[in-house]
Amino acid sequence: MQDGNVGKVTQVIGSTLDAQFPEDTLPAIYNAMRIDIERTVQDETFTEALWCEVAQHLGGGRVRAVALGSTDGVQRGADIIDTGSAIQVPVGEETLGRVFNLVGDTIDDLGPIEVTERRPIHKEPPELADLSAKTEMFETGIKVMDLLCPLVRGGKAGLFGGAGVGKTVIIQELIARLARFHSGYSCFAGVGERTREGNDLWLEMQEAQIGDTGKSVIDQTVMVFGQMNEPPGARLRVALSALTMAEHFRDQTGADTLLFVDNIFRFSQAGSEVSALLGRMPSAVGYQPTLGTEMGELQERITSTSSGAVTSIQAIYVPADDYTDPAPATAFTHLDSTVNLERSIAEKGIYPAVDPLASSSRIVAPEYIGEHHYRVARRVQQILQRYKDLQDIIAILGIDELSEDDKVVVRRARKIERFLSQAFYVAEQFISIPGSYVSREDTIRSFEELCDGKWDHLPDQAFMYVGTIEDAAKRAEEL
Amino acid sequence: MANRRLLVKRRKAVRNIRKITRTMQLIATARFQAAHNAAVSRRPYTDKLAELTAGIAGAMGELEHPLMKVPEKEERRALVVLTSMRGLCGAFNANLLRTAIEELDRQAEKDVDSEVSMVGGKGVAYFNFLDRPMAEEITHISDLPSFDEVEPIASALIDRFSRGEIDAVDVAYTKFISTGRQRPVIERLLPLTQLVEGAEGDEDGRQVEYEFSPSPEELLDELLPATVRIRLFQAFTDAAVSEQVARMVAMKAATDAAQDMIKRLTREYNRARQTQITLELLDIVGGANALE
């Protein structure tokens, strides 16, 4: 790095800091700056680089920057070096199979990597004319998702849910299902979630094989982590680092690329943490006033272009199960399919706890998924909606007061509700039921027969954690 | 955050339901008292009549009467099912209809033709839903059935039995055992067989010798149909009492459930209200601080 443009740190406020530069060489917004901090740990002295990113120009040659690491040990008057460009991360085939932090350093203890190309993490979203307009369903083999909120190939899917309803498990399951049968590359961004989960995922990917090629899933995957332990600046930018790597695969190789982000809410949260320190007035519910812009800048870049498709699956935490909270609400509008996880369903022991009435997808329309699939999906939702409407009456007057038709609806709805549960591959060690893959045709047929009342005679319990409807019949015999 | 206005609306709805169920409970209690008193005051007459008939039948030894004749082979049978006219009485109708349908299926397996006389709108609706045939639909019996209402039904059955059109008549109703217990039962109305079996003397085991005038045959011609009528009437009365008890219990449970739900909704509403106030305060304080 050239040492041409050097400034001095004038103020440190938590994870933001101010620096004074000569007015004629003021670093541009988003430029990366480096501070070398000398640290002594057990009589061993070493130099550590702290990266910062310019966020604001304060006038008079002063800039305010967000630190992407811990600001511990930064002193006023310390030298701060402007690198002249935004943070750059390594991209390309060399990055596959490795784990990075947001500035592109490897963190998997396998040594540094040699790359031919690095790319800045800030970039304009693709032009309107470059966007791909193809719409195709992406089969997951998970009944409830394929039926009611199918993923779009090259589209964006969001998994919404409060604390502990199973967002991360579904993300990991989707990685296991999609990456295993996926020929292209995968990118995983760990944003402000548990470090342990990142570790689990990494180990699992090393074990999992892609089809029967003998290659591990990790060989086709790049992982970027900025977990809970990192300062807000890191959590704010780690998604962009992962996205930059994914974009390169899309633009250069044209292969289908999967981008998993867990958890987008942490990105908004980190933004709100630095926002006040940057001197912005807090907006609704204490969030940054720029919440919508920040989300838009990130989401607009996650898209498929004519050169290649990026299919992204994002987990989005919903604080206090409140879907009207500004952070999840701003993410909603960007997505092709939304999968809402509901606590009351998780409490019944039904996993995945997908809310069949609140979850939806742009492509649940006859012209995309076909007339038959559409009709079955809507029928299932009608039955469940009727059941939901009747719930208060049942709670007060009891089921005997319902009309005969409604009783049938309630009985079927209870079966459908349970049939929406499914065993996961990644959860096999916890529930000791092997995971099941149900093809879309089987899913549609099973639910249609259920709606038609062909399986009214089976006990409700037979529908828990089975694959196709025939499996439920088999289970009923065992009970 | 739960929508406050929605919560208020729901709570209002549940309150209205509670008002209705509580009223229904009170009405059912009053009706139960009335029906119970009627049934109790009628019992001495019914008992005495049964005793008398049994006495005469016993005294006559071998007796032949059309209403007591057991057909060689049961082929056609009538089943009178006593359901309620109105709903909101819990599992009262469901339990009885389940028993009745089990019986019908059992008889169908034995190749016995059953024709159903359905009393009560609820049973009629259920059989229509199941597409099961009914020979007769009776939906005009009052909450406190009077003898005049029951008598034509009984007479019609007696006539048809006497003519040999049907070989047996059963009645399915909810027997009132105590306020805490009612059980759906199926009892045989015709032919009158249990009458003779239960006619082995009175409480002391003595066989009373009667002298008859007019002749016992003539007496029985009068008494046996009366017994059948009274028995059917008794079934109607029992069903009515049981229905009121069932409604009382169901409405009490509903009122309690509504009460619980109101409590829950109130708590949810208060929490939502407090959350909103806190958030607004935070916004105001945050905004004011930022301006300083």
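Biologist: How much area is buried between chain A and chain B, and what share of it do carbon and sulfur atoms give?

Modeller: About 1500 Å² is buried between the two chains, with 66% given by carbon and sulfur atoms. Bear in mind that this is a predicted model. In chain A, the residues that lose the most area to chain B are A:Ile396, A:Glu401 and A:Glu404. Together they make up 37% of what that side buries.

Biologist: How many residues does the contact take from chain A and from chain B?

Modeller: Chain A gives 17 residues and chain B gives 24.

Biologist: What makes the pair B:Arg10 and A:Asp392 a salt bridge?

Modeller: The closest N and O atoms of B:Arg10 and A:Asp392 are 3.1 Å apart. The cut-off is 4 Å, between a side-chain nitrogen of Lys or Arg and a carboxyl oxygen of Asp or Glu. The pair therefore counts as a salt bridge. The count between chain A and chain B is one. Polar contacts across this interface come to five residue pairs.

Biologist: Which elements give two or more residues to the side of chain A that touches chain B?

Modeller: They are helix H10 (371-397) and helix H11 (404-419) of chain A. H10(A) gives the largest share, four residues.

Biologist: How do you know that E1(A) pairs with E2(A) and with E6(A)?

Modeller: Count the bridges. Strand E1 (residues 6-13) of chain A has five bridges to strand E2 (residues 16-20) of chain A. E1(A) has three to strand E6 (residues 79-82) of chain A. Pairing needs at least two bridges, so both cases qualify. E1(A) runs antiparallel to E2(A), and antiparallel to E6(A).

Biologist: What lies between E1(A) and E2(A) in the hairpin?

Modeller: Two residues separate the strands. In the turn, A:Gly14 has a positive phi of about 55°.

Biologist: Why is strand E1 of chain B called mostly covered?

Modeller: Six of the seven residues in E1(B) (residues 76-82) are buried. Buried means under 20% relative accessible area, so six residues fall below that limit.

Biologist: Which strands pair with E1(B), and in what sense?

Modeller: Strand E2 (residues 113-119) of chain B is joined to E1(B) by seven bridges and runs parallel. There, B:Arg77 stands opposite B:Ser114. The chain crosses from E1(B) to E2(B) through helix H2 (residues 92-109) of chain B, in a right-handed β-α-β crossover. Strand E4 (residues 168-178) of chain B also pairs with E1(B) in the parallel sense, over five bridges. B:Val81 has B:Ala172 as its bridge partner in E4(B).

Terms used. Residues numbered from 1 in each chain as written. Chains lettered and ligands numbered in written order. Predicted model: local features only at pLDDT ≥ 70, side-chain atom pairs only at ≥ 80, totals over all residues. Heavy atoms only, no water. Buried < 20%, exposed > 50% of the residue type's maximum accessible area, 1.4 Å probe, protein only. Right-handed = clockwise from strand over helix to strand, strands pointing away. Contact = heavy atoms within 4.5 Å. Buried area = accessible area lost by both parts, 1.4 Å probe. Polar contact = N/O pair within 3.5 Å; in protein donor to acceptor, adjacent residues only side chain to side chain.
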